[in-house]
Amino acid sequence: MGRGGAPERRGCSAMRLTMRDRRAVTKAFASGYRRARKGKKGEILDRFVEATGYHRTYAAWVLRTHGKRIQMPCGVVLEGDAGQQVRRRRKRRYGHEVAQALKELWVLLDFLSGKRLAPALREVIPVLEAQGELELDRAVREKLMSLSPSTADRLLSGEKRTYALKRRHLTKPGTLLKHQIPIRTFSDWDETRPGFAEVDLVGHDGGEPSGDFCCTLDAVDVATGWTEQAAVRNKAQVWVFEAITDIRSRLPFDLLGLDSDNGSEFINHHLKRYCDEEGIAFTRSRPYRKNDTCHVEQKNWSVVRRFVGYRRFDTDRHGQLLNALYQILRLYTNFFLPTMRLKEKVRDGAKVTRRYEAPLTPYRRVLASPHVPEAKKAALRRLYASLNPAELHRRIVAIQTELIRAAKESSTWRRRKRRAVESAVPDGKAFGFPPGTWKTPAGFPTLPTAPTTTSTRNISD
């Protein structure tokens, strides 16, 4: 702005000056400006603003202070330097109380990212207070309810560095009836109506894919993100079909479509005939293209692996515990953990821009769908009013602990321990998994791709 309030116009030379050049110009003008009379100062200031492009008020302050010397009583001389930057520190808004409460809620909500955690807090805090599980100071509560995703990530950055997460997959394609079952790719999923689900099997072989071991049938609805899981004794068609019918009975909407990979546990006459009789669209993905079933592949990690881990489960007791866990987990994930849906993806050359809808829980998406009957929505609302996320979390942890104990008591676990001792593990301990195994947030081990040094996070016997 000029003296009369008009915008000050920058010269072309000012647009090309670097900060180093502007400091040099400041040094050249400052001494003459301080010695000049009032009328002359205005002319010098005009030339300085034209050369640097600074705001006139800021330019006058720079010329007054740069090189100015002040004699202190103790003999110290202070000299102004406009090239030095002063960092202005704002008062911290989110103190220790907010950070500590956020960490506890973050653990309760299964270590969500900031974009999912922020809306989840506004959903869960009133529920926990109504259940008597949470008491917050008024100021702390207001800050948590208005927390932004970036602030949540910043406050939790130290805690997040303590976890190292890995993943492994085990699938085996089949060949039956492929010519009768149409292919559906990830780009074909444009349904906005609930009921079209992707399914997949997650094996719990513990790194030894020999013999029979339990598997988890994972199903996710594409439109709402509603997930269901069921444990089966092995990959036999009869157990997989039984789990599919069980999951179908638990869904809060009608099952309209089923999409699977090419494994023989899905591609068989029995399931094909069942889908034809029930009017369910049955499709499959392309071989070796996991992205075609990207919705369920993501849930294989975020739900199954994060809560069950990578241990071997191969007994009836293991299957019972897994199903007990999934009965609680379906309430915890579908009612209290928000998910993000891709709204659009725009490609501009090599750059891909993705935009997402606001995070919502599958429960909220089901309520917002016009295709779900009101009677089922009313039943969901009654169920939601009776749930306590803190109690669900405690029950999940209790079953996880029992799963670890049951896995260690199995004959397979004892054989693995004996082999580990006989092979002289470097640190002298009998590991159920190779040394350097890391913990997941739920406390279950994952296998690193390469041996790592022993740390405080290693899982030992």
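Among contacts in the chain between residues at least 6 apart in sequence, what percentage join residues at least 24 apart? In this predicted model, the share is 66%. The chain comprises 17 helices and 11 strands. It has 461 residues, of which 46% count as buried.

**Helices H2 and H4**

- Two packed helices are described by the angle between their axes and the distance between the axes.
- For helix H2 (residues 19-35) and helix H4 (residues 56-65), the axes come within 7 Å and cross at roughly 80°.
- Angles of 65 to 115 degrees count as roughly perpendicular, and H2 is therefore described as roughly perpendicular to H4.
- On the H2 side, the contact is made by Thr26, Phe29, Ala30, Tyr33 and Arg34, while H4 contributes Ala60, Val62, Leu63 and Arg64.
- By residue class, this contact of H2 with H4 divides into 6 nonpolar, 1 polar and 2 charged residues.

**Helices H12 and H13**

- Helix H12 (residues 294-308) and helix H13 (residues 316-336) have axes that come within 12 Å and cross at roughly 130°.
- This angle makes H12 oblique to H13.
- The crossing of H12 and H13 is right-handed.
- From H12, the residues Val303, Val304, Phe307 and Val308 meet Leu322, Leu325, Tyr326, Leu329 and Tyr332 of H13.
- The residues of the contact of H12 with H13 comprise 9 nonpolar, no polar and no charged.

- Helix H3 (residues 38-52) contains 15 residues, which should span 21 Å at 1.5 Å a residue.
- The buried residues in H3 are Gly42, Ile44, Leu45, Phe48, Val49, Ala51 and Thr52.

**His270 in helix H11**

- His270 lies in helix H11, which covers residues 269-278.
- The relative accessibility of His270 is 36%, and His270 therefore counts as partly exposed.
- That class lies between buried, under 20%, and exposed, over 50%.
- In sequence, His270 and Phe241 are 29 residues apart.
- In space, the C-alpha atoms of His270 and Phe241 are 8.1 Å apart.

Technical notes
Residues numbered from 1 in each chain as written. Predicted model: local features only at pLDDT ≥ 70, side-chain atom pairs only at ≥ 80, totals over all residues. Heavy atoms only, no water. Helix = DSSP H or I, 4+ residues; strand = E, 2+ residues; numbered from the N terminus. Buried < 20%, exposed > 50% of the residue type's maximum accessible area, 1.4 Å probe, protein only. Axes fitted to C-alpha atoms, helices over the stretch in contact; angles between N-to-C directions. Parallel < 35°, antiparallel > 145°, perpendicular 65-115°, else oblique. Left-handed = near helix turned anticlockwise from the far one by under 90°. Contact = heavy atoms within 4.5 Å. Nonpolar A, V, L, I, M, F, W, Y, C, P; charged D, E, K, R; others polar. Expected span 1.5 Å × (residues − 1).
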